[in-house]
Amino acid sequence: MNKSKILIIDDDPGLSKLVQITLEKTRLYEAKVENRSQNALRVAREFRPDLILLDVDMPGLDGGDVARLIRADSTLQQIPVVFFTSIISPDEAGQGMVSRGGENFLAKPVDANVLIRSIESLLGSGINAG
């Protein structure tokens, strides 16, 4: 079985590692973490993810900056980006992803089933998160 590749770009090492473990525990995903936004573009080019979970508020390049770089790169621009942020509260997000201004957002903290369901809705594999 081919695993979907998820790149997690977040400056919080503890949270990003927890998300990585949560995703890999399903055996559906190969997840990679990058905690330094200035390395995000290089790591994305090397890892070739199927989806990117991207924090908004990071030192150096913020999530908007990183997303613009990804979308300007012809090898990466088709990869779905989900902003993973505390700017959207779990109450606002309800039980899933929120779309605003053409962007997808997941609220921190996120329930594992909500995370997986949201990823699958974008990747279109139809795998039930349970």
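This is a short tour of a predicted model, one selection at a time.

**Colour by confidence**

Start with pLDDT. The protein averages 89, and 89% of the residues score at least 70. Now select residues 126-130. Here the pLDDT is below 50. Beyond near neighbours in sequence, this stretch has 6 contacts in the model.

**Helix α1**

Select residues 13-25. This is α1, with 13 residues. From first C-alpha to last, α1 reaches 18 Å, close to the 18 Å expected at 1.5 Å a residue.

Next, show the side chains of Ser-16, Val-19, Gln-20, Thr-22 and Leu-23. These are the buried residues of α1. Turn the view to look down the helix axis. The buried residues fall within an arc of 165 degrees, so they line one face of α1.

Now look at the ends. At the N-terminal end, select Asp-12 and Gly-14. Asp-12 caps α1, with a side-chain oxygen 3.0 Å from the backbone nitrogen of Gly-14. After α1 comes Arg-27. Its phi is positive, near 65 degrees.

The structure holds 6 salt bridges. Select Asp-10 and Lys-108 for one of them. Their side chains meet at 2.7 Å, N to O. The two residues are 98 residues apart and link distant parts of the chain. Asp-10 sits in the loop between β1 and α1. Lys-108 sits in the loop between β6 (103-107) and α5.

Are these two residues buried or exposed? Both Asp-10 and Lys-108 are buried. Asp-10, Asp-55 and Lys-108 are linked in a network of salt bridges.

**Salt bridges within helices**

Move to helix α2, residues 40-47. Select Glu-46 and Arg-42. Their side chains form a salt bridge at 3.3 Å, N to O. The pair is 4 residues apart, about one turn of the helix. Glu-46 counts as exposed because its relative accessibility is 55%, over the 50% cut-off. Arg-42, at 42%, counts as partly exposed.

Go on to helix α3, residues 63-72. Select Arg-68 and Asp-65. They form a salt bridge, the closest N and O atoms being 2.7 Å apart. The two residues are 3 apart in α3, so about one helical turn separates them. Arg-68 is exposed, with a relative accessible area of 54%. Asp-65 is partly exposed, at 25%.

**Last stop: Ser-118**

Select Ser-118, found in helix α5. Is Ser-118 buried or exposed? Its relative accessible area is 5%, so Ser-118 is buried. What is Ser-118 in contact with, leaving aside its neighbours within four places in sequence? Show Gly-96, Met-97 and Leu-106: these are its contacts.

Notes: Residues numbered from 1 in each chain as written. Predicted model: local features only at pLDDT ≥ 70, side-chain atom pairs only at ≥ 80, totals over all residues. Heavy atoms only, no water. Expected span 1.5 Å × (residues − 1). Buried < 20%, exposed > 50% of the residue type's maximum accessible area, 1.4 Å probe, protein only. Arc of directions from axis to C-beta. Polar contact = N/O pair within 3.5 Å; in protein donor to acceptor, adjacent residues only side chain to side chain. Salt bridge = Lys/Arg side-chain N within 4 Å of Asp/Glu carboxyl O. pLDDT = per-residue confidence, 0-100. Contact = heavy atoms within 4.5 Å.
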